[in-house]
Each structure stands twice: as C-alpha cells, then as structure tokens.
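This report describes selected features of one structure, with the criterion for each term given where the term is used. The sequence and the structure are shown here.

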Amino acid sequence: MSHSLEIREGAFVVADAHCSYKRPDFLEFLKDISAKKLSPTQLILMGDIFDALFGEIPYTHKKNQEAIKILNKISFDIEVIYLEGNHDFNLKSIFPNIKVFPISLQPVACRFENKKVLLAHGDIESDFGYKIYTTIIRNFAVLYFLRIVDFLSGHYILKRLDLYLGKKDDCKEFTGLDKFMSQRLDGKYSCDYFVEGHFHQNKMIQLKNFTYINLGAFVCNQRYFIVKSDGDRGFLQENLFKMDLEYE
C-alpha cells in the first residue's frame with residue numbers, strides 16, 4: 001500500500017473513461033482542462049482511462065497520442081495522479097511527470113481533511129485466477145512478444161481487441177454488488193472511505209469499517225466527481241461533462 005498523498009478540495013476524480021477514437025468525450029474533457037475552461041486543483045484518474053494503453057506496445061500509444069500529449073501538458077500545471085487499471089498499465093514511461101500507481105501499490109492511502117481515504121482501480125482483492133491473469137498481462141516478456149506478433153500481423157491482434165471492446169456493454173448493472181463488496185473487502189482495511197472504479201456502478205455502500213464508494217464510469221454518461229467537503233457521495237460531488245457545441 002502506498003501512502004502520504006493529500007486529496008485537495010476541488011480535485012477532479014475520473015474513473016473508467018475507456019477513451020478511444022470511438023469515444024472522444026474524455027479527450028474533449030482534457031482539452032477543456034488544458035484550455036482552463038475547467039479548473040481542477042488536482043486530477044485523479046482511477047484507471048481504465050483508456051480502452052487500451054500498454055507501456056510496451058507503441059501502437060497503443062499512437063492510437064491515443066493526442067490525449068497522452070494533453071495529459072502530459074496538464075501534469076505540469078496541476079498534480080495528476082493515475083491509478084493503473086486492467087486496460088491501461090505499465091504507464092510510467094508514457095507519463096513521466098504523473099504520479100502513476102500500478103496495481104501492486106494499490107490501494108493508495110490518502111488524506112482528505114481529517115479523513116483517511118483508500119483509492120484503487122477495483123481489480124485488487126480478486127480471485128486467484130484473475131490474479132494470475134493480471135500478472136501475465138503486465139509481464140514485460142509477454143508484452144514484448146505481443147508487440148512483435150502484433151507488428152508482424154499488421155496490428156491484427158489489437159484491431160480485433162478494439163473491435164471487441166467497442167461492442168462491450170460498459171454500463172450494465174451489477175446485481176448483488178453490496179454482498180460482493182462485503183465478502184471482498186470487509187475486515188481487510190481500516191479507513192473512512194474506500195473508493196474504486198472498475199465496476200461502473202455509481203453506488204455508495206456502508207461496510208463494517210468504512211464507507212465504500214464505487215464510482216460511476218465516465219464512459220457511460222461522462223460522469224466525473226469533484227472533491228468537496230459537502231459532496232453527495234461522501235466527500236465527492238457528482239458532475240456531468242457537457243461538450244461545447246463546437247465539439248459536437
């Protein structure tokens with residue numbers, strides 16, 4: 001677990017944007033921050049911000065190059081914190097000025113006012129099979145092999161992945177979320193708030209030792225959250241991003 005981060009009043013928190021050329025809303029959101037149309041004090045990205053962005057695969061950098069460039073620019077104006085997800089990982093070389101936290105350093109321990117807050121993408125505390133899967137897909141040798149095969153195949157693998165992800169329903173309801181989270185997290189952590197994305201449910205649950213917040217996904221309706229002492233999700237205030245007419 002990683003420690004000593006301070007969450008600032010007015011920070012923007014974004015989860016599961018699944019940014020791609022088919023889903024330009026997050027790119028426009030970044031453009032508005034860069035242009036100072038939106039003014040967060042801090043930007044906290046909760047993982048799966050890109051539909052596919054892998055440090056060892058240059059083709060995924062190229063597909064997301066505009067958003068990468070703007071995010072790096074923003075990181076010199078405000079603090080940007082990026083928790084890697086299962087769609088975007090091994091990112092430190094792509095975002096040298098951003099505080100990047102891989103799955104091995106999650107949950108990230110933070111403070112807001114006098115509250116202890118734990119942040120995670122949402123794929124920690126998974127079953128044994130999923131842990132093996134996450135280890136394999138982040139392995140340098142596996143990704144290097146994939147890079148070569150993908151290049152030699154004219155990016156066939158990543159194009160097929162893109163096609164699959166484009167058809168995926170990212171906004172379906174998770175039936176039984178309360179019980180699942182209780183079995184998954186109760187008794188394992190001590191904090192005031194435990195915040196995750198990954199499941200896309202936009203729901204707050206009171207567990208034994210803390211309040212659990214599962215963030216709504218930006219990809220579903222361009223929902224993001226602003227850190228406020230009197231927020232409607234504990235310390236978070238829900239907002240919807242609306243693109244300017246010139247973008248539509």
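## The largest pocket

By class, the lining of the largest pocket comprises 14 nonpolar, six polar and eight charged residues, where Ala, Val, Leu, Ile, Met, Phe, Trp, Tyr, Cys and Pro count as nonpolar, Asp, Glu, Lys and Arg as charged, and the others, Gly among them, as polar. The model is predicted, so that local features need pLDDT of at least 70 and side-chain atom pairs count only at pLDDT 80 or more, whereas totals for chains, interfaces and linings use all residues. Residues are numbered from 1 along each chain as its sequence is written, and side-chain values use heavy atoms, with hydrogens and water left out.

The space in this largest pocket amounts to about 600 Å³, and of the 28 residues that line the pocket, Asn-86, His-87, Tyr-133, Leu-165 and Lys-168 lie nearest its centre. A pocket is, on a 1 Å grid over the protein atoms alone, an open set of points where a 1.4 Å probe fits, with protein on both sides within 12 Å along at least five of seven lines, and lining residues have an atom within 4 Å of a point. Grid points are joined across faces, edges and corners, and a volume is the space filled by probe spheres set on the points. At least two lining residues of the largest pocket come from each of H4, helix H5 (140-152) and helix H6 (156-167); helices (H or I, at least four residues) and strands (E, at least two) are DSSP runs, numbered from the N terminus.

## The second largest pocket

The second largest pocket has a volume of about 200 Å³. It is lined by 14 residues, of which Ala-52, Tyr-59, Lys-63, Leu-158 and Asp-162 are the closest to its centre. Helix H2 (58-63) and H6 are the elements that give two or more residues to this lining, and H6 gives the most, with five residues. By class, the lining of the second largest pocket has seven nonpolar, three polar and four charged residues.

## Aromatic pairs

A pair of aromatic rings is described by the distance of the centres and the angle of the planes. Rings of Phe, Tyr and Trp (its six-membered ring) pair if their centres lie within 6.5 Å, and planes under 30 degrees apart count as stacked, over 60 as edge-to-face and the rest as tilted. By this rule the count comes to 20 aromatic pairs. Tyr-130 and Tyr-133 form a tilted pair, at 5.6 Å centre to centre and with 50° between the planes; both residues lie in helix H4 (residues 128-137), three residues apart, about one turn of the helix. Tyr-130, at a relative accessible area of 22%, and Tyr-133, at 40%, are both partly exposed, a class between buried (under 20% relative accessible area) and exposed (over 50%), as computed with a 1.4 Å probe on protein chains only.

Phe-180 and Phe-199 form an edge-to-face pair, with 5.7 Å between the centres and 70° between the planes. Because Phe-180 lies in helix H7 (residues 177-185) and Phe-199 in the loop between strand E10 (193-196) and strand E11 (203-206), the pair ties together parts that are 19 residues apart in sequence. Phe-180 is partly exposed at 31% relative accessibility, whereas Phe-199 is buried at 14%.

## Disulfide and other cysteines

The structure holds one disulfide, defined as a pair of cysteine sulfur atoms within 2.5 Å. Cys-171 is joined to Cys-220, with an S to S distance of 2.2 Å, and the link is left-handed, with -110° about the S-S bond. This pair links distant parts of the chain, with Cys-171 in the loop between H6 and H7 and Cys-220 in helix H8 (residues 218-221), 49 residues apart. Cys-171 is partly exposed, with a relative accessible area of 42%, and Cys-220 is partly exposed as well, with 26%.

Cys-19 is in no disulfide, and the nearest cysteine sulfur, that of Cys-220, is 15 Å away; Cys-19 is buried at 4% relative accessibility.

## Backbone geometry

Most residues other than glycine have a negative phi, and most peptide bonds are trans. His-18, although not a glycine, has a positive phi of about 45°, and this residue is buried at 2% relative accessibility. Gln-106 and Pro-107 are joined by a cis peptide bond, with omega about 5°.
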